[in-house]
Amino acid sequence: MEYVKLGATGLDVSRICLGCMSYGEPDRGNHEWSLDEAASRPFLKRALDAGINFFDTANVYSAGSSEEIVGRALHEYANRDEIVLATKVHGRMRLGPNGAGLSRKAIMTEIDHSLRRLGTDYVDLYQIHRWDPAVPIEETVEALHDVVKAGKARYVGASSMYAWQFAKALRVADLGGWTRFATMQNHYNLFYREEEREMLPLCADEGIGVIPWSPLARGRLTRDWDATTARSGTDQFGRTLYQDGDRVIVDQVAKVAEQRGVSRAQVALAWVSRHPAVVAPIVGATRPEHLDDAVASLDIELTDEEVALLEEPYTPRPIQGH
């Protein structure tokens, strides 16, 4: 496994991050396809054995049970000082006022709940899951700064938003002398490249570590276009992200993979990882080969001709994933 600095920080992370949305009790929340604790634990162990030290979850995943499962497994299998544990705040965790969002009250409440579920005194990376237009960004950034100063998080990050919003958040942090965002977790893959217009150049210029979600487009880039999975049958959000014209891109991925004698997943991940702003794509794993492919993708260096073949069919599209 290769390790790199997380953006402009001094933190060392593996070049693959294990996304933990797939691990959570299926009867909690709206992820019916997620793996329960017994089924999840072998994947967390396998990731550690492969040298992955970077794990990403969120408070809303399976109504908090993802954090519980991940926390218990890492406590048993890993040395806390050697792993990088990330979670997020923003989504609704309970009914009524202040049960969601990025107010100071919500952030201070949710970090404590996340730490309890994870069974740890701190997270390495605490991320705002989306932009909250109902709360002044100054309030959010100062609250995140106070979470860091209280020792409950080492770094803070952001996720899917417009580049102007992220630029504003970075400016507010600088003006206030508050903790700066270290990462951007955004939507980026061969189906969705709108981030190349503004967000990725902004991150490269500001020293922000990019950790893309859905680098395999919820698995669509790894299989024939009409193939289905247990997740695709119930993933309402995923159905809004991609379009029928993207099947041409799937064909190109398959062509490059066949020529190289590797899996489609390895090709698609190698393409994401080659962008200079990308630190570690966030990869979900519900089968052993998912982790094997993710690690193997780091050894693939695509040629200019292969990149051109993969990118040629792309067509611009509306912003998706915010």
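**Figure 1. Packing of helix α5 against helix α6 in the predicted model.** Helix α5 (residues 163–176) packs against helix α6 (residues 199–206) at an angle of about 25 degrees, and their axes lie 9 Å apart; axes are lines fitted to C-alpha atoms, for helices over the stretch in contact, and angles run from 0 to 180 degrees between N-to-C directions. α5 is therefore roughly parallel to α6, a term used for angles under 35 degrees, whereas angles over 145 count as roughly antiparallel, 65 to 115 as roughly perpendicular and the rest as oblique. The contact (heavy atoms within 4.5 Å) joins A163, F166, A167 and L170 of α5 to M199, L202, C203 and E206 of α6. By class, seven of these residues are nonpolar, none is polar and one is charged, where Ala, Val, Leu, Ile, Met, Phe, Trp, Tyr, Cys and Pro count as nonpolar, Asp, Glu, Lys and Arg as charged, and the others, Gly among them, as polar. α5 passes α6 in a right-handed crossing, in which the near helix is turned clockwise from the far one by less than a right angle, anticlockwise being left-handed. Residues are numbered from 1 along each chain as its sequence is written. The model is predicted, with local features needing pLDDT of at least 70 and side-chain atom pairs counting only at pLDDT 80 or more, while totals for chains, interfaces and linings use all residues, and side-chain values use heavy atoms, with hydrogens and water left out.

**Figure 2. Packing of helix α3 against helix α4.** The axes of helix α3 (residues 104–118) and helix α4 (residues 137–149) come within 9 Å and cross at roughly 30 degrees, and the two helices are therefore roughly parallel to each other. Their crossing is right-handed. On α3 the contact is made by R104, I107, M108 and I111, and on α4 by E139, T140, E142, A143, L144, D146 and V147. Six nonpolar, one polar and four charged residues make up the contact of α3 with α4.

**Figure 3. Crossing of helix α9 and helix α10.** Helix α9 (residues 264–273) and helix α10 (residues 288–297) have axes that come within 8 Å and cross at roughly 45 degrees; α9 and α10 are therefore oblique to each other. α9 passes α10 in a right-handed crossing. A265, Q266, L269 and A270 in α9 meet D293, A294, A296 and S297 in α10, and the residues of this contact divide into five nonpolar, two polar and one charged.

**Figure 4. The open sheet and the pairing of β3 with β4.** Eight strands, paired in parallel, form an open sheet in the order β9-β8-β7-β6-β5-β4-β3-β10; two strands pair if DSSP finds at least two bridges between them. β9 (209–210) and β10 (282–283) stand at the edges, each with a single partner strand, so one side of each is left without a neighbour in the sheet. Strand β3 (residues 17–19) runs parallel to strand β4 (residues 54–56) and is joined to β4 by three bridges, and L18 has F55 as its bridge partner in β4. The protein chain comes to eleven helices and ten strands, which are DSSP runs numbered from the N terminus (helices H or I, at least four residues; strands E, at least two).
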